[in-house]
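User: I am new to this structure. Please take a close look at the ligand site and walk me through what surrounds it.

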Amino acid sequence: MEDELEVSQALRTELKSTARVVVLTGAGISAESGVPTFRGEDGLWNKFKPEELATVDAFMSNPELVWEWYEFRRNIIERIKPNPAHYTLVEFQKYFEDFTLITQNVDGLHQRAGSTGVVELHGNINANKCVDCGKRYDDLSQAKPGIPPKCLCGGNIRPDVVWFGEMLPSRATNKAFERSSNCDLFFSIGTSAIVHPAASLPLMAKKNKAYVVEINTSPTGISDFIDELLLGKAGEILPRLGQMIEKKANSR
Ligand code: OAD
(Lines give C-alpha, C1' and ligand atoms only; values in the text may rest on other atoms or scores of the structure.)
Protein backbone atom coordinates (compact mmCIF):
# COMPACT_ATOMS: atom_id res chain seq x y z
CA MET A 1 0.00 0.00 0.00
CA GLU A 2 1.22 3.50 -0.83
CA ASP A 3 2.28 5.87 1.95
CA GLU A 4 -0.33 8.43 2.77
CA LEU A 5 0.27 11.72 0.98
CA GLU A 6 1.95 14.35 3.13
CA VAL A 7 -0.44 17.25 3.44
CA SER A 8 -0.93 19.88 6.11
CA GLN A 9 -3.38 19.52 8.96
CA ALA A 10 -5.11 22.61 7.56
CA LEU A 11 -5.82 20.83 4.29
CA ARG A 12 -7.03 17.71 6.08
CA THR A 13 -9.47 19.87 8.02
CA GLU A 14 -10.61 21.62 4.84
CA LEU A 15 -11.19 18.30 3.08
CA LYS A 16 -13.31 17.16 5.98
CA SER A 17 -15.34 20.26 6.67
CA THR A 18 -15.56 22.17 3.41
CA ALA A 19 -18.68 22.35 1.34
CA ARG A 20 -17.78 24.75 -1.46
CA VAL A 21 -14.91 23.55 -3.62
CA VAL A 22 -13.61 24.91 -6.91
CA VAL A 23 -11.03 23.18 -9.10
CA LEU A 24 -9.20 24.86 -11.96
CA THR A 25 -7.35 22.58 -14.35
CA GLY A 26 -4.83 23.14 -17.12
CA ALA A 27 -2.91 21.09 -19.65
CA GLY A 28 -0.84 19.36 -16.95
CA ILE A 29 -3.80 17.27 -15.80
CA SER A 30 -4.03 15.68 -19.24
CA ALA A 31 -0.26 15.24 -19.67
CA GLU A 32 -0.31 11.75 -18.18
CA SER A 33 -3.02 10.79 -20.67
CA GLY A 34 -0.66 11.75 -23.48
CA VAL A 35 -1.92 15.23 -24.39
CA PRO A 36 1.05 17.56 -24.84
CA THR A 37 1.16 20.66 -22.61
CA PHE A 38 1.71 24.12 -24.12
CA ARG A 39 4.77 25.27 -22.20
CA GLY A 40 7.89 23.54 -20.94
CA GLU A 41 10.47 21.52 -22.82
CA ASP A 42 8.04 19.31 -24.75
CA GLY A 43 5.32 21.95 -24.87
CA LEU A 44 3.41 22.66 -28.10
CA TRP A 45 4.45 26.34 -28.05
CA ASN A 46 8.08 25.22 -28.07
CA LYS A 47 7.59 23.49 -31.41
CA PHE A 48 4.85 25.52 -33.07
CA LYS A 49 4.17 29.22 -33.25
CA PRO A 50 0.84 30.17 -31.67
CA GLU A 51 0.51 33.18 -34.00
CA GLU A 52 0.56 30.78 -37.00
CA LEU A 53 -1.95 28.32 -35.57
CA ALA A 54 -4.10 29.77 -32.83
CA THR A 55 -5.29 33.21 -33.92
CA VAL A 56 -8.10 34.47 -36.14
CA ASP A 57 -5.50 36.01 -38.49
CA ALA A 58 -3.78 32.64 -38.84
CA PHE A 59 -7.07 30.99 -39.78
CA MET A 60 -7.97 33.75 -42.23
CA SER A 61 -4.61 33.58 -43.99
CA ASN A 62 -4.17 29.80 -43.94
CA PRO A 63 -7.42 28.02 -42.99
CA GLU A 64 -6.18 24.71 -44.35
CA LEU A 65 -3.07 24.63 -42.14
CA VAL A 66 -4.96 25.64 -39.01
CA TRP A 67 -7.75 23.11 -39.67
CA GLU A 68 -5.18 20.35 -40.24
CA TRP A 69 -3.39 21.23 -37.01
CA TYR A 70 -6.61 20.93 -35.05
CA GLU A 71 -7.42 17.65 -36.82
CA PHE A 72 -4.00 16.38 -35.74
CA ARG A 73 -4.75 17.30 -32.13
CA ARG A 74 -8.28 15.86 -32.32
CA ASN A 75 -6.84 12.57 -33.51
CA ILE A 76 -4.47 12.43 -30.55
CA ILE A 77 -7.26 13.19 -28.11
CA GLU A 78 -9.62 10.67 -29.66
CA ARG A 79 -7.11 7.87 -29.13
CA ILE A 80 -6.23 8.57 -25.50
CA LYS A 81 -8.13 8.12 -22.24
CA PRO A 82 -8.76 10.12 -19.07
CA ASN A 83 -6.24 9.35 -16.31
CA PRO A 84 -6.61 8.83 -12.53
CA ALA A 85 -6.54 12.61 -11.95
CA HIS A 86 -9.64 13.11 -14.12
CA TYR A 87 -11.40 10.20 -12.41
CA THR A 88 -10.60 11.49 -8.91
CA LEU A 89 -12.31 14.78 -9.75
CA VAL A 90 -15.46 12.81 -10.59
CA GLU A 91 -15.28 11.46 -7.01
CA PHE A 92 -14.74 15.01 -5.69
CA GLN A 93 -17.94 16.06 -7.44
CA LYS A 94 -19.85 13.29 -5.66
CA TYR A 95 -18.28 14.05 -2.28
CA PHE A 96 -18.40 17.83 -1.96
CA GLU A 97 -21.82 19.43 -1.64
CA ASP A 98 -20.99 22.41 -3.85
CA PHE A 99 -18.41 21.60 -6.47
CA THR A 100 -17.33 23.47 -9.58
CA LEU A 101 -14.82 22.24 -12.12
CA ILE A 102 -13.32 24.93 -14.33
CA THR A 103 -10.93 23.95 -17.10
CA GLN A 104 -8.75 25.68 -19.62
CA ASN A 105 -8.45 22.41 -21.50
CA VAL A 106 -10.32 21.86 -24.74
CA ASP A 107 -9.79 18.07 -24.76
CA GLY A 108 -13.10 17.08 -23.11
CA LEU A 109 -11.33 14.46 -20.94
CA HIS A 110 -13.11 15.60 -17.76
CA GLN A 111 -16.47 14.90 -19.37
CA ARG A 112 -15.25 11.57 -20.75
CA ALA A 113 -14.22 10.60 -17.20
CA GLY A 114 -17.73 11.44 -16.00
CA SER A 115 -17.58 15.02 -14.67
CA THR A 116 -20.66 17.09 -15.35
CA GLY A 117 -21.30 20.82 -15.60
CA VAL A 118 -17.64 21.47 -16.51
CA VAL A 119 -16.95 25.17 -17.08
CA GLU A 120 -14.87 25.27 -20.26
CA LEU A 121 -13.06 28.60 -20.43
CA HIS A 122 -11.33 27.99 -23.76
CA GLY A 123 -14.04 26.05 -25.60
CA ASN A 124 -13.94 22.45 -26.79
CA ILE A 125 -11.85 21.03 -29.59
CA ASN A 126 -14.73 18.90 -30.84
CA ALA A 127 -17.05 21.87 -31.32
CA ASN A 128 -17.05 23.90 -34.54
CA LYS A 129 -18.70 27.01 -35.88
CA CYS A 130 -18.94 28.97 -39.12
CA VAL A 131 -16.73 32.05 -39.21
CA ASP A 132 -19.34 33.94 -41.23
CA CYS A 133 -22.77 33.15 -39.79
CA GLY A 134 -21.75 31.56 -36.48
CA LYS A 135 -23.81 28.38 -37.05
CA ARG A 136 -22.58 25.59 -34.79
CA TYR A 137 -21.41 22.33 -36.31
CA ASP A 138 -20.77 19.73 -33.64
CA ASP A 139 -21.68 17.17 -36.29
CA LEU A 140 -19.55 17.88 -39.34
CA SER A 141 -21.53 15.50 -41.53
CA GLN A 142 -24.03 18.37 -41.78
CA ALA A 143 -21.35 20.58 -43.41
CA LYS A 144 -20.01 20.63 -46.97
CA PRO A 145 -16.79 18.56 -47.06
CA GLY A 146 -13.46 20.34 -47.46
CA ILE A 147 -10.36 21.38 -45.55
CA PRO A 148 -11.75 23.18 -43.68
CA PRO A 149 -15.34 22.05 -44.20
CA LYS A 150 -17.75 24.71 -45.44
CA CYS A 151 -20.94 25.96 -43.83
CA LEU A 152 -24.18 25.84 -45.82
CA CYS A 153 -23.80 29.64 -46.09
CA GLY A 154 -20.43 29.13 -47.81
CA GLY A 155 -18.26 30.30 -44.89
CA ASN A 156 -15.31 28.35 -43.54
CA ILE A 157 -15.91 26.24 -40.46
CA ARG A 158 -13.42 26.65 -37.60
CA PRO A 159 -12.88 24.86 -34.28
CA ASP A 160 -14.91 26.53 -31.53
CA VAL A 161 -11.96 27.12 -29.25
CA VAL A 162 -10.67 30.41 -27.90
CA TRP A 163 -7.71 31.71 -29.87
CA PHE A 164 -5.17 34.30 -28.79
CA GLY A 165 -6.70 37.76 -28.87
CA GLU A 166 -10.27 36.43 -28.64
CA MET A 167 -12.80 36.98 -25.88
CA LEU A 168 -13.58 34.05 -23.62
CA PRO A 169 -17.18 32.79 -23.59
CA SER A 170 -18.89 35.21 -21.21
CA ARG A 171 -21.18 32.76 -19.43
CA ALA A 172 -18.29 30.43 -18.56
CA THR A 173 -16.07 33.31 -17.50
CA ASN A 174 -18.72 34.89 -15.27
CA LYS A 175 -19.43 31.57 -13.62
CA ALA A 176 -15.71 30.94 -13.06
CA PHE A 177 -15.26 34.33 -11.38
CA GLU A 178 -18.41 34.01 -9.30
CA ARG A 179 -17.59 30.52 -8.03
CA SER A 180 -13.91 31.28 -7.41
CA SER A 181 -14.74 34.27 -5.28
CA ASN A 182 -17.30 32.28 -3.26
CA CYS A 183 -15.59 29.06 -2.27
CA ASP A 184 -13.81 27.66 0.79
CA LEU A 185 -11.28 25.42 -0.91
CA PHE A 186 -9.68 26.00 -4.31
CA PHE A 187 -7.37 23.69 -6.27
CA SER A 188 -5.20 24.90 -9.14
CA ILE A 189 -4.06 21.77 -10.96
CA GLY A 190 -1.60 21.36 -13.82
CA THR A 191 -1.63 24.94 -15.01
CA SER A 192 1.32 27.28 -15.44
CA ALA A 193 -1.01 30.07 -14.23
CA ILE A 194 0.26 32.37 -16.92
CA VAL A 195 -2.75 32.87 -19.17
CA HIS A 196 -5.42 35.24 -17.89
CA PRO A 197 -8.15 35.40 -16.81
CA ALA A 198 -7.79 31.76 -15.63
CA ALA A 199 -4.54 32.62 -13.85
CA SER A 200 -6.28 35.19 -11.69
CA LEU A 201 -8.89 32.72 -10.35
CA PRO A 202 -6.70 31.14 -7.61
CA LEU A 203 -5.63 34.58 -6.44
CA MET A 204 -9.20 35.79 -6.44
CA ALA A 205 -10.17 32.77 -4.34
CA LYS A 206 -7.31 33.49 -1.95
CA LYS A 207 -8.33 37.14 -1.64
CA ASN A 208 -11.80 35.94 -0.68
CA LYS A 209 -10.38 33.76 2.09
CA ALA A 210 -10.48 30.36 0.40
CA TYR A 211 -7.75 27.84 1.22
CA VAL A 212 -5.82 27.56 -2.04
CA VAL A 213 -3.88 24.43 -3.00
CA GLU A 214 -1.74 24.01 -6.08
CA ILE A 215 -0.85 20.64 -7.62
CA ASN A 216 1.94 20.86 -10.15
CA THR A 217 5.17 19.12 -11.11
CA SER A 218 7.01 22.42 -10.58
CA PRO A 219 6.30 25.70 -8.80
CA THR A 220 4.57 28.46 -10.79
CA GLY A 221 4.22 32.22 -10.51
CA ILE A 222 1.36 31.83 -8.02
CA SER A 223 3.05 29.27 -5.75
CA ASP A 224 4.32 31.90 -3.30
CA PHE A 225 0.89 33.46 -2.90
CA ILE A 226 -1.22 30.41 -2.16
CA ASP A 227 -1.57 28.20 0.93
CA GLU A 228 -0.14 24.86 -0.07
CA LEU A 229 1.84 23.51 -2.99
CA LEU A 230 1.69 19.75 -3.59
CA LEU A 231 4.61 19.02 -5.87
CA GLY A 232 4.18 16.07 -8.17
CA LYS A 233 2.05 14.55 -10.88
CA ALA A 234 -1.67 15.20 -10.73
CA GLY A 235 -2.34 11.57 -11.65
CA GLU A 236 -0.47 10.46 -8.54
CA ILE A 237 -1.40 13.17 -6.04
CA LEU A 238 -5.12 13.48 -6.74
CA PRO A 239 -5.97 9.79 -6.23
CA ARG A 240 -4.19 9.95 -2.87
CA LEU A 241 -6.24 13.00 -1.88
CA GLY A 242 -9.24 11.04 -3.13
CA GLN A 243 -8.37 8.22 -0.71
CA MET A 244 -8.41 10.73 2.15
CA ILE A 245 -11.92 11.93 1.37
CA GLU A 246 -13.04 8.35 0.79
CA LYS A 247 -11.93 7.45 4.32
CA LYS A 248 -13.74 10.49 5.68
CA ALA A 249 -16.89 9.64 3.72
CA ASN A 250 -16.89 6.14 5.22
CA SER A 251 -16.47 7.47 8.76
CA ARG A 252 -19.30 10.00 8.45
P1 OAD B 1 0.80 25.02 -19.73
O2 OAD B 1 1.37 24.15 -20.78
O3 OAD B 1 1.13 26.47 -19.79
O4 OAD B 1 1.21 24.52 -18.29
C5 OAD B 1 1.09 23.17 -17.92
C6 OAD B 1 1.46 23.07 -16.45
O7 OAD B 1 1.25 21.74 -16.03
C8 OAD B 1 2.93 23.41 -16.14
O9 OAD B 1 2.96 24.30 -15.02
C10 OAD B 1 3.56 22.06 -15.79
O11 OAD B 1 4.56 22.18 -14.79
C12 OAD B 1 2.36 21.31 -15.24
N13 OAD B 1 2.41 19.85 -15.40
C14 OAD B 1 2.93 19.10 -16.41
N15 OAD B 1 2.69 17.80 -16.22
C16 OAD B 1 2.00 17.70 -15.06
C17 OAD B 1 1.44 16.62 -14.32
N18 OAD B 1 1.55 15.36 -14.73
N19 OAD B 1 0.79 16.91 -13.17
C20 OAD B 1 0.67 18.18 -12.72
N21 OAD B 1 1.18 19.24 -13.37
C22 OAD B 1 1.82 19.01 -14.53
O23 OAD B 1 -0.79 24.79 -19.78
P24 OAD B 1 -1.96 25.73 -19.27
O25 OAD B 1 -1.59 26.42 -18.01
O26 OAD B 1 -3.19 24.92 -19.29
O27 OAD B 1 -4.76 28.54 -24.23
O28 OAD B 1 -2.04 26.78 -20.44
C29 OAD B 1 -3.01 27.77 -20.40
C30 OAD B 1 -3.44 28.12 -21.79
O31 OAD B 1 -2.30 28.47 -22.58
C32 OAD B 1 -4.07 26.99 -22.59
O33 OAD B 1 -5.42 26.77 -22.29
C34 OAD B 1 -3.87 27.44 -23.99
C35 OAD B 1 -2.43 27.89 -23.91
O36 OAD B 1 -2.03 28.80 -24.84
C37 OAD B 1 -5.30 28.72 -25.44
O38 OAD B 1 -5.08 27.99 -26.37
C39 OAD B 1 -6.22 29.90 -25.48
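Analyst: By class, the shell around the ligand holds eight nonpolar, 12 polar and three charged residues. Keep in mind that this is a predicted model. In total, 23 residues surround the ligand. The closest are F38, R39, T191, S192 and N216.

Now the individual contacts. Q104 uses its backbone instead. There, a backbone N or O atom lies 3.3 Å from an oxygen atom of the ligand. How much of the ligand does the protein bury? Taken alone, the ligand exposes 790 Å². The protein buries 90% of that area. The space that the ligand takes is the largest pocket.

Next, the loop between β6 and α10. Strand β6 spans 185-189, and helix α10 spans 201-207. A193 is found in this loop. Its phi is near 55 degrees, a positive value in a residue other than glycine. P197 has its place in the loop between β6 and α10 too. A cis peptide bond joins H196 to P197, with omega at about 10 degrees. Why point these out? Because most residues other than glycine have a negative phi, and most peptide bonds are trans.

Another cis bond is worth a look. This one joins I147 and P148, and its omega is about -5 degrees. P148 lies in the loop between β4, residues 123-130, and β5, residues 157-161.

Finally, step back to the whole protein. It has 11 helices and eight strands. Its C-alpha atoms fill a box of roughly 60 × 35 × 30 Å, taken along the principal axes. What radius of gyration would a compact globule with 252 residues have? The value would be near 18 Å; the protein has 19 Å, so the two agree.

How values were computed: Residues numbered from 1 in each chain as written. Predicted model: local features only at pLDDT ≥ 70, side-chain atom pairs only at ≥ 80, totals over all residues. Heavy atoms only, no water. Near = heavy atom within 4 Å. Polar contact = N/O pair within 3.5 Å; in protein donor to acceptor, adjacent residues only side chain to side chain. Areas by Shrake-Rupley, 256 points an atom, 1.4 Å probe, with all protein chains shown as cover. 1 Å grid on protein atoms, 1.4 Å probe; cavity = no way out; pocket = protein on both sides within 12 Å on 5 of 7 lines; lining within 4 Å. Sits in = over half its atoms within 2 Å of the grid points. Nonpolar A, V, L, I, M, F, W, Y, C, P; charged D, E, K, R; others polar. Helix = DSSP H or I, 4+ residues; strand = E, 2+ residues; numbered from the N terminus. Rg over C-alpha atoms; globule rule 2.2 N^0.38 Å.
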